[in-house]
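Visitor: I have the sequence and the structure open beside me, and I would like to be walked through them with care. Could you take my questions one at a time?

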Amino acid sequence: MVREEIYTADEALEILLEGNQRFMHCELNHKDHCGEARELHAERQQPLAIILTCADSRVPPLDIFDLGLGDLFVLRVAGGLINDQMLGSIEYAVTHLQSRLVMVMGHSSCGAITAVASGSRLGGHIATLIPPIDAALKVARKVETGNFLDNASKALARAISEKIAQSEPIIHDLVEEGTVKVIPTFYNLSTGAVQLI
Ligand SMILES: [Zn+2]
């Protein structure tokens, strides 16, 4: 949708979760994917939310939230990790595109987390994924309930959310003044549900 007003983080979250309900129940609107929407969005964008998530082919944010062109500013990399370029992209979206909600979304059966947890030998640049995932695995080892790998995914989403929220100076200041919210979530591949964590 092309919107004139700026949505608060809470309003944006409500719209996302409503879309997720439609996705869960296979009642997609699938609005604004092409045709007129493409033309309307050609000149500008004002995305509802920024989503940082895994590159996993089964985790497509536009579908999961039943949204269309111009609705989501999406950053994806294996494990849903963060680096300076991604932080810069988030800073750009909150300052220039008026997005108020940053969602960090982990997911079940994450291959990156599974690979690091199994201790497989990960060569080349794949090895750069290990340290943040290792830290999340350590946190998950202390949790006595639930699925270990899912707990690690949730711990990772929380840690990355904190890192984004504390990023100086731009995002930290906007979070402190209450303009921007950074929210960790967990996506269940089987049910399609996005859970706030
Ligand atoms: Zn993944």
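The questions below go from the whole protein to one strand and then to one helix.

Guide: Before we start, this is a predicted model, in which local features need pLDDT of at least 70, side-chain atom pairs count only at pLDDT 80 or more, and totals for chains, interfaces and linings use all residues. Residues are numbered from 1 along each chain as its sequence is written.

Visitor: How many helices and strands does the protein have?

Guide: Helices (H or I, at least four residues) and strands (E, at least two) are DSSP runs, numbered from the N terminus. From that end on, the elements run α-α-β-α-β-α-β-α-α-α-α-β-β. The protein therefore has eight helices and five strands.

Visitor: What is the radius of gyration of the protein?

Guide: The radius is taken over C-alpha atoms, and the globule rule is 2.2 Å times the number of residues to the power 0.38. For 197 residues, a compact globule would come near 16 Å, and the computed value agrees with this. That value is 17 Å.

Visitor: How many residues of strand β1 are buried?

Guide: A residue counts as buried if 20 or more other C-beta atoms, placed from the backbone, lie within 10 Å of its own, as exposed if 12 or fewer do, and as partly exposed in between. Ala49, Ile51 and Thr53 are buried on one side of β1, and Ile50 and Leu52 on the other. The strand, residues 49–53, is largely enclosed by the rest of the structure, because the number of its residues that are buried is five of the five.

Visitor: Which residue in β3 stands opposite Leu52?

Guide: Two strands pair if DSSP finds at least two bridges between them. β1 and β3 (residues 101–107) pair in the parallel sense over five bridges, and five bridges also join β1 to the parallel strand β2 (residues 72–76). In β2, Phe73 is opposite Ile50, while in β3 the residue opposite Leu52 is Val104.
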